[in-house]
Amino acid sequence: MRRKRTQIRDHRAESALFFRRALVSFIGIIVLVGVLLTNLYHIQVSEHDDYQTRSNDNRIKVVPVAPNRGMIYDRNGILLAENRPVYALEITKEKVPDIEATFTRLKVLMGITDEDITRFEKERRHTRRFKSIPIKGQLTEEQVALFTVNQHRFPGVEVKAYLKRYYPYGDALTHVLGYVAKINDRDLERLERDEKISNYKATRDMGKLGIERYYEDLLHGTSGYQEVEVNSRGRIIRTLKYVPPIPGKDIKLNLDIDLQLFVKEQLTVRSKDPETGKEIVKYKRGSIVVMDPRDSAIIAMVSSPSYDPNLFVHGISGPKYRALLNDINRPLVNRVTLGIYPPASTVKPMIAVAALTEGVVTPRTVRNDPGYWKIPNSNSRPFRDWKRWGHGKVNIHKAIEESVDTYFYQVAYDLGIDRLSAWMTKFGYGEYTGIDIHEESKANMPTREWKQARFRQPWYQGDTIPVGIGQGYWTATPLQIAKATTVLVNKGIVRAPHLLKDIVDNDVEKPAIFDEYPPITGVDDEDWEIAKDGMKRVLFGVRGTARRAFYGAQYKAGGKSGSAQVFGLAEDEKYNAEELAEHLRDHALFTAFAPYDKPEVVVSMVLENAGGGSSNGGPVARHIFDHILLKPKAPLDKTVSSTEVTQ
């Protein structure tokens, strides 16, 4: 069998093939290395800043730091709202070997409740294991000391301190200062809308009412931050940078706390239980505001009854809040700015200015008062005067001094609702006063348009008549009455009542600046003086309605009382307070200023269901004037009357 010949290899061809393959591979390697280098360049050079930021975001965290809230002082530098350290018991779940056993021991030692545990478990579901969670707040010093001694028995449990708002005067200033409380969802929405949310990321509480809310931006301050390095689990390893927060500014109010407490006492009745000897404290329903007419500074503002704002700082319980909400005496309402009442006869001096300026009456106009007034050429029922047999011949001075209703019925009829409402709006009725708290009502200065919109009815002449004595559809707040009195005292100069006095910035007190209002023009000086003189006659005239309250006063003053009807009487029905339920009795109103020649103080008040303004409001105003203008005297008689209520 023939064997095949073995062919001789073509080494040149194989070498050429190998060279081509090697060249292709080398070029491929060069291309891939180029792609790799290009990508590395892109990552390390071109996109360096972006990837560096992403890396730092994973490694470095910015932790906001809350600022300390600014303090609030009265005009004399007495602290009204401060920040106090409070202690909370907190648990770090990661460090606790047996959480159930820890709960059991804490119940015995610290009085932890099932509600505390439930709240802790709810919070734990949204918190990292290495972060502490409060299980019990507001620890007393005794509880802190007790736990400190036994802390070795509770690994992972510790006491931490925080600063919380505290109001040393409690319910005496609630409706002025308001309070701070935990930020809720509604607050977050408002902060987001106002683009302030970034400044509150470390803040737990914010102002809810009163001064605390109105001056929140001043009091809160500016948050700081610290840059910290964290591990993959988010635990802080070290601090890289710290920017301290800027504390909120301190503010000083026009309030005088001593006067505030004195005024509050006028609405407080103290007695002793004859059986136990314990003191019984009762609170009258009502409000009093004291202003300086020279700049409209509010130096006292009391609404009674009130409540302790410290309850809300730490989170009020459901039963306690419902008790306040359902209280028939409405302690949650700031009666000074939200209480709505007929202004009654307190407005007669202002109406007199309007009537004199419009030429409806003159200083020499005299009218006869038989005790009633009827709309001319009408068969409508007569409008009665408070004095059934009338006042006889009456001019403008006597009309204010004796509060003659029939005189002002005629004035209202002659002015008409259009001019009457326009003039009273100039004095601030039916408008916001401009006070620096948000909780305020405009009340109602009636007009034709208002009635049409409200009741779908036209305005009748009979609607105008009761408006002439501050009744009918006309309502006002006590603060509006006080503002109108200052406008009258200052002869048309209009200023907004204000609580803020100074802003303390770096230990420098900067006076607060408020917007100016256009004055009331076109009124003769004589007309202002006639209205003021009538108010002086109310207190010192022979027939002044409040002359008994100011008998023997060492200063001259001016004032006007009012009794606001809570319900209407039938034509022949007689008002008898003793036969009425308390809530149906007249409100007592009183507004006054002193001294007469150079007024320094305006006092306005509404005492709910107290009866006559002269007999009930006059003595209170006299006592406040004596306290401010003279040396303090013995307090008023604190006998319990049927108009007082128990809180």
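Helices, of at least four residues, and strands, of at least two, are DSSP runs numbered from the N terminus. The model described here is predicted.

**A close contact across the sequence**

Leucine 255 sits in the loop between strand S10 (250-253) and helix H10 (257-266). Is leucine 255 buried or exposed? Its relative accessibility is 1%, so leucine 255 counts as buried; the cut-off for buried is under 20%. In sequence, leucine 255 and isoleucine 299 are 44 residues apart. In space, their C-alpha atoms are 4.0 Å apart.

**Salt bridges**

Side chains of opposite charge can pair when their charged atoms come close. The whole structure holds 31 salt bridges.

| glutamate 82 | arginine 84 | 3.3 Å |

Take glutamate 82 and arginine 84. Glutamate 82 is buried, at 15% relative accessible area. Arginine 84 has 37% relative accessibility and so counts as partly exposed.

Lysine 196 is partly exposed, with a relative accessible area of 28%. Aspartate 217 reaches 51% and counts as exposed, because the cut-off for exposed is over 50%.

Arginine 213 is partly exposed, at 31% relative accessible area. Glutamate 439 is buried, at 15%.

Salt bridges also join into a network, which links Arg69, Arg165, Glu212 and Glu216.

**Aromatic pairs**

How many aromatic pairs does the structure hold? The count is 22. In one of them, the ring centres of tryptophan 373 and tyrosine 409 are 6.4 Å apart, and the planes stand at 45 degrees, so the pair is tilted. Tryptophan 373 belongs to strand S16 (residues 372-373) and tyrosine 409 to helix H16 (residues 405-426), so the pair ties together parts that are 36 residues apart in sequence. Tryptophan 373 is buried, at 9% relative accessible area. Tyrosine 409 is buried too, at 5%.

The rings of tyrosine 429 and tryptophan 474 have centres 5.2 Å apart and planes at 90 degrees, so this pair is edge-to-face. Tyrosine 429 is in the loop between H16 and helix H17 (448-455), and tryptophan 474 in the loop between helix H18 (461-467) and helix H19 (478-489). The pair links distant parts of the chain, 45 residues apart. Both residues are buried.

One aromatic cluster is formed by Phe540, Phe550, Tyr555, Phe590 and Phe625.

**Surface patches**

A nonpolar surface patch covers about 680 Å². Its members are Phe19, Leu23, Phe26, Ile27, Ile30, Val31 and Val35. Valine 31 lies in helix H1 (residues 11-46). At 47% relative accessibility, valine 31 counts as partly exposed.

A positive surface patch is made by Lys122, Arg125, Lys182 and Arg204. Lysine 122 is part of helix H4 (residues 114-124). Its relative accessibility is 54%, so lysine 122 counts as exposed.

Note on methods
Residues numbered from 1 in each chain as written. Predicted model: local features only at pLDDT ≥ 70, side-chain atom pairs only at ≥ 80, totals over all residues. Heavy atoms only, no water. Patch = residues over 30% accessible without salt bridge, like charges linked within 9 Å, V, L, I, M, F, W, Y side chains within 5 Å. Areas by Shrake-Rupley, 256 points an atom, 1.4 Å probe, with all protein chains shown as cover. Salt bridge = Lys/Arg side-chain N within 4 Å of Asp/Glu carboxyl O. Lys, Arg positive; Asp, Glu negative; His and termini not counted. Charge placed at Lys NZ, Arg CZ, Asp CG, Glu CD. Buried < 20%, exposed > 50% of the residue type's maximum accessible area, 1.4 Å probe, protein only. Phe/Tyr/Trp six-rings, centres within 6.5 Å; stacked < 30°, edge-to-face > 60°.
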